[in-house]
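Open the model in your viewer and keep the selection tool at hand. The tour moves from one selection to the next.

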Amino acid sequence: MATSMSGCGEATCTREGTTCRAEVRAVNNRFFKLTTRSREGLAMFEARIEAVLRETIRRGSVHVSIDFSGRNAPGRRQLDVDQLESYLSDLMAFSESRGLHIPPTVTSLLSLPGVVVEQRADASSLERQWPLIEETLREAVESLQSMRVAEGAAMTASIHGWCGGIRQRVGGIRQRLPEMLDAHRQKLRDRLERVLDGHPEAVSSVDLAREMAIIADRTDVAEELVRLESHVDQVERLLGDESPGRSLDFLAQELAREVNTIASKSADVAISQTAVDLKSTVEQIRELVQNIE
């Protein structure tokens, strides 16, 4: 079934005192594009992270965030006591020299440069964490995929409904065509009577038939209706495939092309109004298929 390109998934896993949290967000994009945000050093895993993602995700702009916590976390943050004591001593000396009140806590000092530092993890310690990263990442992708599948099912249902509406309007146009020609024939006769002052016999039935044949040829949309129905059939069939987004996008353009041709050929108010409705429906389909992987 077609899936959405948009979604969000996250997961948290813990092993041997280290907790890894991964978040994966995906939005629309014509191609696969990966952006990672993590602590320094995890760039070494970017190729492996992309390989895990590509097992499930084929198109979209994907944003991955990975972080660690716990007593054994690589590159964990630590308090630089010496730096904090230096700041505190300076603050006390400054306050005492001016008779100022010293704050009861050092919370405000923690945001100063160099107080909280991040240990630089070596490559070997980071490599040992890859199984934990992979496990967390796969769970996050699974959560993301559940959201994408649910949204894809909703979009598929909407597109099926719009396709049914297109078929119904196509049938209405086919029924209207003979009535349109009869109406044009009567309008032409009435116009000739007015021009010829009530003597239509001055124009032969052959001339009238020739003029009606020209009108019928100019307003013939049978071929466009057949192609329109064929495109609709292909759209519904593709909705059952795994990653039909690009093909659906192409078909949406073809649907719009056929509807525009029908509208340009139309010489009937009812058919023109139906063509406007078809344009609106096709535009809804076109916007939605751009969200499908």
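At what angle do the axes of α7 and helix α8 cross? Select residues 245-265 for α7 and residues 269-289 for α8. Their axes come within 9 Å and cross at roughly 165°. Axes here are lines fitted to C-alpha atoms, for helices over the stretch in contact, with angles from 0 to 180 degrees between N-to-C directions. The two helices are therefore roughly antiparallel (angles over 145 degrees). Next, show the contact (heavy atoms within 4.5 Å). From α7, pick residues including Leu248, Ala252, Leu255 and Val259. From α8, pick Ile271, Ala275, Leu278 and Val282, among others. By class, this contact has 12 nonpolar, two polar and three charged residues.

A note on the model: it is predicted, local features need pLDDT of at least 70, side-chain atom pairs count only at pLDDT 80 or more, and totals for chains, interfaces and linings use all residues. Numbering starts from 1 along each chain as its sequence is written, and side-chain values use heavy atoms, leaving out hydrogens and water.

Now select helix α6, residues 222-238. The axes of α6 and α7 come within 10 Å and cross at roughly 160°. This pair is therefore roughly antiparallel too. Leu225, Leu228, Val232 and Val235 are among the α6 residues in the contact. On α7, look for residues including Leu251, Leu255 and Ile262. The classes here are 10 nonpolar, four polar and five charged.

Last stop: the largest pocket. A pocket is an open set of points on a 1 Å grid where a 1.4 Å probe fits, with protein on both sides within 12 Å along at least five of seven lines; lining residues have an atom within 4 Å of a point. About 200 Å³ of space lies in the largest pocket. Select Met5, Asn28, Asn29, Arg30, Phe31, Arg59, Gly245, Arg246, Asp249, Val289 and Gln290 to see its lining. Helix α7 gives the most to that lining, with three residues.

How values were computed. Grid points are joined across faces, edges and corners, and a volume is the space filled by probe spheres set on the points. Helices (H or I, at least four residues) and strands (E, at least two) are DSSP runs, numbered from the N terminus. Angles under 35 degrees count as roughly parallel, over 145 as roughly antiparallel, 65 to 115 as roughly perpendicular and the rest as oblique. Ala, Val, Leu, Ile, Met, Phe, Trp, Tyr, Cys and Pro count as nonpolar, Asp, Glu, Lys and Arg as charged, and the others, Gly among them, as polar.
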